[in-house]
Amino acid sequence: MSERVTVTGPPSAAARPPHRAAQDPEGTGAAPVRSLMRVQAAHAALTCAIVALVGGGLPLLFAWEPVLSRIRILGVRLPWLVLSVVVPVVWVAVARRHVRLAERAERDFAAMARPE
Amino acid sequence: MITMLAMALLIASLAIVPARGGPAQASGLYTAAREVSPWWNASAISGEYVSAAAFLGMAGLVLAYGADMLWLPIGAAAGHVVLLALVTAPLRRSGAYTVSDFAEWRLGSRRARRAVSTCVLVIGWFYLLPQFQGAGVTLSVISGLPVWTGWLVVVAAVVVLVLPGGVRSITGVQAVQFWLKLMAVTIPALVFIAVWRLQNDADAARPPYFHRDTTVTADTSAGIHLTAPVAVAVTGVLDGRHHHGERLRLTAGRHRVRAGTRIRFPAGAPVPHTSRIALLRGDRWATPFAGGREHPLAATYSVLLATILGTMGLPQITVRFYTNACGRTARRTAGLVVLMLAVFSLFPALFGTLGRLYTPELLMTGETDATLLLLPHRIVPGVTGDLLTALVATGAFAAFTSTSCGVVVAVSGSIAQGLGGGARGFRAAVLVAVAVPLLAAPWACSPQSATLVTVAFAVAASSLSPLLVLGVWWRRLTPAAATAGILAGGVPATAAGLARVLGDPGPGSGWLGALVEQPAIVTVPLAFAVTVTVSLLTPDRVPERTERAMARMHLPEGLGPDGPG
C-alpha cells in the first residue's frame, strides 16, 4: 500500500473518459476519489456516532437513573414511550439526514468532475 | 370458521404469485431485472425483514420479559441506519449481487468467497428456524393442527414460490405482503385500543393473574412454578397423579404437568410460570434492567451490537439492493426501510402489554409466540374476534413465507456456484437451504422465535460485518485477514448459537451463560480486531485492484473507472 504513488493532480483527473481510466488503474483520479471518500466517510461516521450515542447512552441512562422509569406521560412509563416511539423517530430523522448529505456530496463531486 | 377465513386470505395473498412469476432462466432466478423503484423495493425489504419473529415473536417476548425486550426492534431499525450509512450505496455500485460475490470481487480470493458463503448458509439456517417455529405456532393456534404441519407449509411455500421464479417472482409478493402485515397489526391495534377498558394494571406491583376463569391446556410436559396456593380443577396428569376434572388445591412451588392436561383457574388466581420464564412482578416487568436476568446491561449492549451490525450481514437484505438501478436509489431505498420499520416498532410494546392482561396463561405454557393470535378473541369475542384473528393469521403467514423465501433465494444465490451454478445449482442450493432447518426444527428447544432470530443476527454481526465495513472503507484489507476475521468471529458465535438453540434448559448462569446467550459483545470486537491485525501483518497481500475497487464503490455511476453501470 505504502509504495503506491498517489496522484495529486487537479480534481479534473476524474473527468477523463472512462475507458482511459479503466485501462490505467493508477490514473483513476485517486485524489478526488479520496476526497469524496473522506467526505462520505465523515458523514457515515457522524451518522454511526449518533446511533452509537443513542443506542449506547439510553441503556446507561435507564440503568443509572431508575427514577426515569417511574415517570409517566399519558399513563405510559417513560422508557416505554422513549423506546417504542421517540427512538424510532430519531432513526428516521438520522436516516433522512444521511441520505440528503450523501447525495449532496455526490452532486458536488459530479459538478467538480464534469464542469458543464 | 377462523381456519376457513384465514385459509381464504392466505390463498388470496398467494394468488398474486403466478401473475408475477418469471421465466426460469438462471439470470432471472437471481435478480429482479434492476427496475424496482425505491418505494417498491423498500416495501419488499421491509416485508422480508418483518419475519414471523418480528411479527409474532416480539409481542411474546415483551409479554414474558417486559421492557428489556424493547431494545430488539430499536436495534433492528438502527441496523438499517448503519447499513444505509456504511454499506448500501458502495455495495450496489460494486455490482456484487451477494456478499459472497462482493468478497470475491473486492478481494479476488476464492477462499474468502467460500468462507463468506459458508457463513451465509449458517446465518440462513439460523434465520429459517424461527420461521418454521412461527408457522407451527400459527397453524396450531388457528386450526389445532400439529406444529410440524406449519413446517411443511413453509417448505411448500418456498418450493412453490422460489423454485420456478427466483427473485423475480418474490419481489412483488414481498412488497404486497409488507402492507398486508402492516394492516394485520394496525387494524387489530386500533380495535384493541378502542375497546380496551383501560384496566391498565399490567404493571401493578403484583405478579400476573387470570382476569377471568381460564382453562389452560399444556401442549408439552413441563415444570410450572406457582407463587401462591390456588384452587383449580384438573383433567389429566399433574405431579404424576391422574385427575378427572375434580377440584383440588395446588400448593405454592413447583409442579409437573404432563402434555394434554387441562387446568381450570378461577379469576384472580396468580398465573403459574413455566420454568423457562422467570416470574416478574408488574413493576419489575415494566422497568428496564429490573427483570432479574444476570448482567442485564451487558446483555442489552450485546443484543444492540448484534442487531445493529448484524443487519448488514443478513443475506436477504443485501441482495435486495441489487434490484435498485444505482447507488443513489439503493440509498433512498434504505432510508425508506428505516421509516417502514420505525412504524413497526410501535406494536411490540402495545401487544406485549395487552398480552400480559389478556393472555397471561402463555407464561405457563411458554408459547408466547401465540400472543398476537390469541388476543383478538380475548379482547373482542364473537365475529369481530374471528375476523381479526383471520387477519392476524394472514399477516403471520405472510411473515413467515416472505422471510423464508427471501432468505432461501439469497442463500441459494450465494452457494449455487459451489453446487454447479446455473438453474440446477440454484435449485440444489434451495433444497440444501431448506432441508437443514426442517431437520433441526424438532430439536430446537427455544419456543420463542424472536430469541432464535437474535442468534442469526449475532452470527452475521460477528462474521460478515467486518468484511463489509472494512471492505468498503479500508484500503488495507487483505483476503487472508477477511477469512481470519470471519472465522474468529463466526465460529464462536455459531457455537454459542448452537448451544442456545439445542441446549435445554438453556445456557448456564454467570458470565459464561450470558455470553452463550448473547455472544456479540465479545465476538464482534474480536472479529474486527483479528481482521485489522491480520491485514496489518500481511501488507504485501493487499489486492492490486484495491484502488480501482474503491473508486468504483464510492464514485457515482458514470464517473467511476468502470464507466456507466
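## The two chains

There are three helices and two strands in chain A, where helices (H or I, at least four residues) and strands (E, at least two) are DSSP runs numbered from the N terminus. Read from the N terminus on, the elements of chain A follow the order α-α-β-β-α. Chain B, for its part, has 24 helices and seven strands. This is a predicted model, in which local features need pLDDT of at least 70 and side-chain atom pairs count only at pLDDT 80 or more, while totals for chains, interfaces and linings use all residues. Residues are numbered from 1 along each chain as its sequence is written, and chains are lettered from A, with ligands numbered from 1, in the order in which they are written.

Of the 116 residues of chain A, 31% count as buried, and of the 565 residues of chain B, 60% do; a residue is buried if 20 or more other C-beta atoms lie within 10 Å of its own, exposed if 12 or fewer, and partly exposed in between, with C-beta atoms placed from the backbone. Among the contacts with a separation of 6 or more, residues 24 or more positions apart account for 46% in chain A and for 81% in chain B, two residues being in contact if their C-beta atoms, placed from the backbone, lie within 7 Å.

## Where chain A meets chain B

The contact between the chains takes 47 residues from chain A and 48 residues from chain B. On the side of chain A that touches chain B, helix 1 (18-23), helix 2 (30-64) and helix 3 (78-113) each supply at least two residues, and the largest share, 21 residues, comes from helix 3 of chain A. By class, this side of chain A has 34 nonpolar, nine polar and four charged residues; Ala, Val, Leu, Ile, Met, Phe, Trp, Tyr, Cys and Pro count as nonpolar, Asp, Glu, Lys and Arg as charged, and the others, Gly among them, as polar.

Helix 3 of chain A is also the place of A:L81, which counts as partly exposed because it has 17 C-beta neighbours inside 10 Å. Leaving aside its neighbours within four places in sequence, A:L81 is in contact with A:I73, A:V76 and A:V86.

## Two packed helices in chain B

Helix 9 (residues 110-143) and helix 19 (residues 422-440) of chain B pack at an angle of about 55 degrees, with their axes 9 Å apart; the axes are lines fitted to C-alpha atoms, for helices over the stretch in contact, and angles run from 0 to 180 degrees between N-to-C directions. Helix 9 of chain B and helix 19 of chain B are therefore oblique to each other, given that angles under 35 degrees count as roughly parallel, over 145 as roughly antiparallel, 65 to 115 as roughly perpendicular and the rest as oblique.

In this pairing, B:G124, B:W125, B:L128, B:L129 and B:F132 of helix 9 meet B:A433, B:V436, B:P437, B:L438 and B:A440 of helix 19. The residues of this contact divide into nine nonpolar, one polar and no charged.

## Domains and a loop residue in chain B

The domain assignment of chain B, which comes from an automatic or database source, gives domain 1 (2-11 + 28-198 + 285-554) and domain 2 (214-270). The C-alpha centres of these two domains of chain B lie 37 Å apart, and their contact takes five residues from domain 1 and six residues from domain 2.

B:D239 is found in the loop between strand 3 (230-238) and strand 4 (241-250) of chain B. Phi of B:D239 is near 50 degrees, a positive value in a residue other than glycine, whereas most residues other than glycine have a negative phi. With 13 C-beta neighbours inside 10 Å, B:D239 counts as partly exposed.
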